[in-house]
Amino acid sequence: MTATAPALVKLPVDHDIIPRDLHFNFSDASPRAWYGGDSFKTNFFNALFTLFPPGEDFFVRSVLYYRGQIKDEKLQRDITNFSCQEGIHSRCHADHLDILEKQGYTSLKRENKYIDAGLRYLNKRMPKFSLALTVALEHFTAMLSHQLFIYPELFLDPAHEDFRPLMAWHALEELEHKAVAFDVYQQVDGSHARLVLAIMLATISLTGFTVVRMVPLLFKDKILFKWKTWKEGLPFLYGKHGIFTISWRQYLRFYDPDFHPWHIQDYKLGEKVRDMYSQGILLTHARDLS
Ligand SMILES: [Fe+2]
Ligand SMILES: [Fe+2]
């Protein structure tokens, strides 16, 4: 650990990271415009969600690379559960990707091959920066998960019931494990400057590349060149209540040198989803999620 690295922020004992091995109900029979019947918004989530298989595999590799240097037993257990959760997320979103491929959105799998190759190269050549980038992207996933629970009417309710449990389950687990990569980073490096560089790159990649990735999808749906598409779609991403902008205060906290993910105590936000999973009704009572 470097001299400047802050001490581990311990989770309260009732905070668990629980891998939940699920298979969801979405299929070829699910509506094509599954998010509010809106092709732009659906394709945004299609573009984002299908980044998860290569992205989350990258997160796991980045963290596991440093596992041998971790002495803390609790953090070792957290790494195991984090890796299991991300592995299952990756598989579930890959299932969704298969459906999109069959529906003719062939650009996504093609792009993922290059993304996966690039991320593997980054893991190999720049393991510390890979871990910092993982920490930064985990801040984004935690922020998106937080706002999904805080503003369900904006971000969860419009999803079709085949997809709503997927979103809620993934959000729950992102909150549960949001500090794992951060804690590993503190133990092995802790450079704040590298984290700042990583969050800047993560911001550009996520808020820019996801939209670029939507272009072939919108073209396929024949709405790419329609003014209405962008006039109504862009505010959903970047407007006052946009998915990338609504939690700007939370985003900025990452730049604070003393920041730790559990300074934002949002573990309990996922309580309803956690309960529904425990009762075995998460997939069948999607309407009760918000
Ligand atoms: Fe995940
Ligand atoms: Fe994650």
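What covers the buried residues of H8? In this predicted model, the cover includes H2, H3 and H5. The buried residues of H8 are Val180, Ala181, Phe182, Asp183, Val184, Tyr185, Gln186 and Val188. Because eight of the nine residues of this helix are buried, H8 is largely enclosed by the rest of the structure. Just after H8, Gly190 adopts a positive phi of about 85°.

The largest nonpolar core comprises 68 residues, of which Val63, Val135, Ala136, Ala181 and Val184 touch the most other members. Two or more residues of this core come from each of helices H1 (39-49), H2 (52-64), H3 (73-102), H5 (127-150), H7 (164-176), H8 (180-188), H9 (192-220) and H12 (271-278). The most is given by H5, with twelve residues. Leaving aside residues up to four places away in sequence, Val135 touches Ala181, Phe182, Tyr185, Leu195 and Ala198.

The packing of H5 and H9 was examined next. Their axes come within 8 Å and cross at roughly 60°, which means that H5 is oblique to H9. The crossing is right-handed. On the H5 side, the contact involves Lys128, Phe129, Ala132, Leu133, Val135, Ala136, Leu137, His139 and Phe140. These residues meet Arg194, Leu195, Ala198, Ile199, Leu201, Ala202 and Leu206 of H9. Classified by residue type, the contact between the two helices has 13 nonpolar, one polar and two charged residues. Val135 and Ala136 belong to this contact and are also among the core residues that touch the most other members.

How values were computed. Residues numbered from 1 in each chain as written. Chains lettered and ligands numbered in written order. Predicted model: local features only at pLDDT ≥ 70, side-chain atom pairs only at ≥ 80, totals over all residues. Core = buried A, V, L, I, M, F, W, Y, C linked by C-beta atoms within 7 Å. Buried ≥ 20, exposed ≤ 12 C-beta atoms within 10 Å, placed from the backbone. Helix = DSSP H or I, 4+ residues; strand = E, 2+ residues; numbered from the N terminus. Contact = placed C-beta atoms within 7 Å. Axes fitted to C-alpha atoms, helices over the stretch in contact; angles between N-to-C directions. Parallel < 35°, antiparallel > 145°, perpendicular 65-115°, else oblique. Left-handed = near helix turned anticlockwise from the far one by under 90°. Nonpolar A, V, L, I, M, F, W, Y, C, P; charged D, E, K, R; others polar.
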